[in-house]
Amino acid sequence: MDILDILLSASFWAAAIRIASPLIFATIGELICERAGVLNLGIEGIMVAGAFAGWIAVWAGLPLWGGVAVAMLTGMALGFVHAVLSVPFGLSQHVVGVGLTLLATALTFYTYRVVLPEVSSPPKIEAFQALPIPLLSDIPILGPALFAQTPLTYAAFILVALVAWVLYRTPLGLAVRAAGESPAAVAAQGLSVTVIRMGAVMVGSGFMAVGGAFLTLSAFDSFFFEMVNGRGWICIALVVFGAWKPGKALLGAVLFAAFDAFQIRLQQTGVGQVLPYQVFLMMPYILSILALVIMSRRAEVPAALMVPFNKGER
Amino acid sequence: MRLEPIANPTVLRRYGPPVTAIAATFLVAAILALIAGGDPFAVFGQIVKGAVGSKFALLETLNRATPLIFTGLAVAVAFRAKLWNIGAEAQLYAGAVMTAVLGTGMLGWPPALLLPTLAIAAMLAGALVLLIPAVLKVRLGVDEVVTTLLFNFIFLLFVSYLLEGPLKDPMGMGWPKSPRLIPEARLPRIVEGLRLHWGFALALIAAVAVWIVNTRTTLGYEMRAVGQNAEAARFAGIPVTRVILKTALLSGGLAALAGFSEVAGLTGALTLDLSPGYGYTGIVVAMLALLHPLGVVAAALFVAAIFVGADSMSRAVGVPTYLADIMLASALLFMVLAILLTKFRVRRD
């Protein structure tokens, strides 16, 4: 297969959008947290927990969207832990985030073993099926890529538009952005920085968990321990790459996913015979680091990111 | 609510919260054990028995604590200077790779010469692995948390490549492992007949060495100053960039010693499952030790005991071993909160 053949095939772009979907959810979740001034390093563990919670809920008999809701609530509960420690108590967001990732991952694996003590391979569920949109899905290349995906992928794109609208067009969005730029100004308006930040962390964590649940409810139909595999950390890089803007973050996630889909296909070609497969698997992580390096010069970091706010302190 | 600094903390205020944090950790574990159908007292009893109940168990705990002391020191040194090194896992493997490359026959030297060479080479490898994120941080302002985390994944894939390619054991029967180290490259046991190698002694020496660096040298003072307030440190004439880079070299080198000690002391070969997350657990160890190098030794022993104990508890009672991971993660979160509460009072608005 030629490189050009890969780039012009509909299946390649369809795969890119599919790979991008969980990243979009989690990146938007992280973006909400960071716009409010909180770096949420719990993302990796929250995605693991979301992937498991959504899957086990469906396995226990809930409908698929019920599984998504359970994942969202799980994420919000974990987000609450992060929010309490990092916002009113103002503890180091690095330590709290890493601690939460360790806790969420351990709790997930523990629950898995308690619920399914004797299974050698995890049970499968009926995952989301592709829902082609009439007419639009018949467009060559673009149609199968964008309009023959599962409902959860459509939800990811709708979410980006929704979050962008809330952030830039509503008083709530203004308050969230201000909490991350100039919390003192928010407090001067009589609003509670604590409430805004805690809310942002909880909602953002909920979306991260849905990103994890995409893996078990849409991309695959089962749960594996190493499933999330650093995607959360990649999403943190994507937020930086997207300059903390929802639209750019979406673009970054799709670009990144396209590259990931490309390297998978490249392994089948002549290049794959020459290079060891580990080099291809490294690509997403190396790409994330490169994205951070490239964007570091013009990054527009929220001014109060990682700065705890204490009312009355100047 | 708001936080109010406490000028003269009472004894209760200073030790109450940390003790409560430990108690809360055990309470969480007890509830989770009950949910899993285990009797909490039996669970904790088995953990203690499995960790220190016999000579074999005790030695196993000391062996397990060895890499955790190194990674705990690595994290403690870095965090004290506010260099957020979450990549001890990668640095550990860098040290292990170096040990396997040089120790499997490339250098046919006597042990007295070979072992120090291996340790120093391992430290250099680990230091270099952390130097990249540290340079990106000081030169371009790239957040080191994400880069060190991503390096963990990259480096593990690199090790996987080595074990299937250049470092593959021809006698390994397809199992991804390196050839065995030559006998001269193996760390001997401290007491003949007891399953405890010199890596443990090296870890204790490293802890004392870091303590001396912290308290008795200019670098130790500069690292703390940079960690407390980089701007003020710069204003006071401390070369902040150079201090951060030196911290990175020291931290990466310490983490790499964990890899050296595991390969040369315990396994005798490089494998892909050499570390079950010692790099990440090092963060818990360092935080529980309040970043104090001698506290790291105590915290590593505590953490190792819980891990070793949980293994045998799980065999005996049937509660999953992940209970140990939950205990450590919640201990970390409770403890950072407790430390805050030793210094601040919570007031209602």
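1. Ground rules. Residues are numbered from 1 along each chain as its sequence is written, and chains are lettered from A, with ligands numbered from 1, in the order in which they are written. Because the model is predicted, local features need pLDDT of at least 70 and side-chain atom pairs count only at pLDDT 80 or more, while totals for chains, interfaces and linings use all residues; side-chain values use heavy atoms, with hydrogens and water left out.

2. Size of the interface. Chain B brings 46 residues to the contact and chain A brings 41 residues. Contact here means heavy atoms within 4.5 Å. The two chains bury about 3,800 Å² between them. Of that area, 84% lies on carbon and sulfur atoms. Buried area is the accessible area (1.4 Å probe) that two parts lose on being put together, summed over both. On the chain B side, L150(B), Y322(B) and L333(B) lose the most area to chain A. Together they make up 16% of what that side buries.

3. How many salt bridges does the rule find between chain B and chain A? It finds zero. A salt bridge is a side-chain nitrogen of Lys or Arg within 4 Å of a carboxyl oxygen of Asp or Glu. Five residue pairs are in polar contact between the chains, both residues at pLDDT 80 or more. A polar contact is a pair of N or O atoms within 3.5 Å; within protein, one must be able to donate a hydrogen and the other to accept it, and residues adjacent in sequence count only if both atoms are side-chain atoms.

4. Helices α1 (11-35), α5 (111-140), α6 (144-164), α11 (278-288) and α13 (322-343) of chain B each supply at least two residues of the side that touches chain A. Helices are DSSP runs (H or I, at least four residues), numbered from the N terminus. The largest share, 13 residues, comes from α6(B). By type, this side of chain B has 39 nonpolar residues, three polar and four charged. Ala, Val, Leu, Ile, Met, Phe, Trp, Tyr, Cys and Pro count as nonpolar, Asp, Glu, Lys and Arg as charged, and the others, Gly among them, as polar.

5. L136(B) sits in helix α5 of chain B. It is buried, at 14% relative accessible area. Buried means under 20%, exposed over 50%, and partly exposed in between (1.4 Å probe, protein chains only). Leaving aside neighbours within four places in sequence, L136(B) contacts I289(A) and V293(A), plus G141(B), V142(B) and T147(B). L136(B) and T147(B) are eleven residues apart in sequence and 8.8 Å apart in space, C-alpha to C-alpha.

6. Inside chain B. S251(B) belongs to helix α10 (residues 240-267). It is buried, with a relative accessible area of 0%. Beyond four places in sequence, its contacts include A74(B), N85(B), Q91(B) and L130(B). In helix α4 (residues 88-103) of chain B, 14 of the 16 residues are buried, so α4(B) is largely enclosed by the rest of the structure. G105(B) follows α4(B) and has a positive phi, near 125 degrees.

7. Two backbone points in chain A. L135(A) has a positive phi, near 70 degrees, and is not glycine. It lies in the loop between α5 (93-115) and α6 (142-147) of chain A. At 72% relative accessibility, L135(A) is exposed. M306(A), also not a glycine, has a positive phi of about 70 degrees. M306(A) is in the segment after α14 (277-296) of chain A. It is partly exposed, at 34% relative accessibility.
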